[in-house]
Amino acid sequence: MTCQEVAVFVTALYDGENVPRAAGEHIFECQGCRSKLKDYSEMGVDLRLAASIQVEPTRTPTAMLDRAGCGTSRPWAFLWQRMSVPRYTVLVLLCLLAVSIAAIPLGRKQSRDGFCSVSRRMNVERPCFGSRPRMVMIISKF
Amino acid sequence: MEDTTEAEQIYGEHSSPIRRLLRVLIRDPAVAEDLTQEAFLHFWQRPTLFDPGRASLRAYLFGVARKKASEWRRRQAAAGQTGEVVRTVEADEPFLITDILNRLPCDHREILWLREMEGYSYQELADMLQIPLGTVRSRLSSAREHMRLVWSERKGCL
């Protein structure tokens, strides 16, 4: 085997992986490949040494969670953030619900007026105080 | 992640490796810091996406961080920037080895860091980077050889 052919196995050997016998024999005998192994080892040590200088976190997780609305101080915001359905669809649905609730008394008033006009057309003398007694009166007329 | 104490514990345990990987990938400490926060927020906001049966929490967070880094690079590319911070490479690196590492292509930097610093096996690297095992071998080999050539050259100049 040539140095180029075993290049992949030099790395694998350095990383503690198993290599084919032929590749191992070449690396054992070849000065160039052994020199590569030595260099890889030195580079690895240098890298770990450089990385051992820790970078201190600049933000605490609590502050981050609060910033994102996930903190315990704002549970509603956390729920809002976690909502898996589209948030604005929910908002629109809530608005529609509120509008329809607000419209119920208005609808009742209109329906009362409607019954009154019916009772007028049918010459019912009793004034309109509520829907149910009116209904009874109308039915009893027939 | 409703328990803040648990969040603090997870952050304390995993934030440094995530931040260091992002610094290697992005080469801009400020952006790396922001992306670290984003990666943790992603996890805290959607903790159910993590499946302990598939990978360790550290590996999952590395995956999220890599995704954040790719998204950032895409945004930079769309904005007409290179996504690589030359200023940092030229000036701020006190160590020869990390300076050389920063000059390697992104996929080489990433695999070297994950192997050398995090000690992931070839199979774990293949799973994490979603590449075949043979590609892990060849990519690691070419990354190390690339780094060794520059390292020998630079050491000779000192």
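Chain B has eight helices and zero strands, where helices (H or I, at least four residues) and strands (E, at least two) are DSSP runs numbered from the N terminus. From its N terminus on, the elements of chain B run α-α-α-α-α-α-α-α. This is a predicted model, in which local features need pLDDT of at least 70 and side-chain atom pairs count only at pLDDT 80 or more, while totals for chains, interfaces and linings use all residues. Residues are numbered from 1 along each chain as its sequence is written, chains are lettered from A and ligands numbered from 1 in the order in which they are written, and side-chain values use heavy atoms, with hydrogens and water left out.

**Burial in chain B**

Of the 158 residues in chain B, 54% are buried; buried means under 20% relative accessible area, exposed over 50%, and partly exposed in between (1.4 Å probe, protein chains only). In helix α7 of chain B (residues 122–129), the buried residues are B:Tyr122, B:Leu125, B:Ala126, B:Met128 and B:Leu129. After α7(B) comes B:Gln130, with a positive phi near 55 degrees.

Helix α2 of chain B contains B:Glu33. B:Glu33 counts as buried, at 10% relative accessibility. Its side chain makes a polar contact of 2.4 Å with the side chain of B:Gln37. A polar contact is a pair of N or O atoms within 3.5 Å; within protein, one must be able to donate a hydrogen and the other to accept it, and residues adjacent in sequence count only if both atoms are side-chain atoms.

**Helix α3 of chain A**

Helix α3 of chain A comprises 21 residues (residues 31–51), which at 1.5 Å a residue should span 30 Å; the end C-alpha atoms are 30 Å apart, in agreement with that value. The expected span is 1.5 Å times one less than the number of residues. Buried in α3(A) are A:Cys33, A:Lys36, A:Asp39, A:Tyr40, A:Met43, A:Gly44, A:Leu47, A:Ala50 and A:Ala51. These residues cover an arc of only 140 degrees around the axis, and therefore lie on the same side of α3(A); the arc is that of the directions from the helix axis to the C-beta atoms. An α-helix has 3.6 residues a turn, so residues three or four places apart point the same way. The face turned away from the buried side of α3(A) carries the exposed residues A:Gln31, A:Lys38 and A:Leu49.

**Salt bridges**

A salt bridge is a side-chain nitrogen of Lys or Arg within 4 Å of a carboxyl oxygen of Asp or Glu. By this rule, there are 14 salt bridges over all chains. Three of them are set out below, including one that crosses between chains.

| Salt bridge | Closest N to O distance |
|---|---|
| B:Glu116 and B:Arg144 | 3.0 Å |
| B:Arg103 and B:Asp99 | 3.5 Å |

B:Glu116 is buried, with a relative accessible area of 9%, whereas A:Arg48 is partly exposed at 37%.

B:Glu116 also forms a salt bridge with B:Arg144. B:Glu116 lies in helix α6 and B:Arg144 in helix α8 (residues 133–157) of chain B, so this pair ties together parts that are 28 residues apart in sequence. B:Arg144 is buried, with a relative accessible area of 1%. A network of salt bridges links A:Asp15, A:Arg48, B:Arg115, B:Glu116 and B:Arg144.

B:Arg103 and B:Asp99 are four residues apart in helix α5 of chain B (residues 96–103), and are therefore separated by about one helical turn. B:Arg103 is partly exposed, with a relative accessible area of 44%, whereas B:Asp99 is buried at 7%.

**Aromatic rings**

B:Arg144 lies over the face of A:Tyr40, 5.8 Å from the ring centre; a charge sits over a ring if NZ of Lys or CZ of Arg is within 6 Å of the ring centre and within 35 degrees of the ring normal.

Rings of Phe, Tyr and Trp (its six-membered ring) pair if their centres lie within 6.5 Å; planes under 30 degrees apart count as stacked, over 60 as edge-to-face and the rest as tilted. By this rule, there are eight aromatic pairs over all chains. The rings of B:Phe50 and B:Tyr60 form a tilted pair, because their centres are 5.3 Å apart and their planes are at 45 degrees. This pair links distant parts of the chain, ten residues apart: B:Phe50 is in the loop between α2 (29–45) and α3 (57–78) of chain B, and B:Tyr60 is in helix α3 of chain B. B:Phe50 counts as buried at 18% relative accessibility, and B:Tyr60 counts as buried at 16%. Elsewhere, ring pairs link B:Tyr11, B:Phe40 and B:Trp44 into a cluster.
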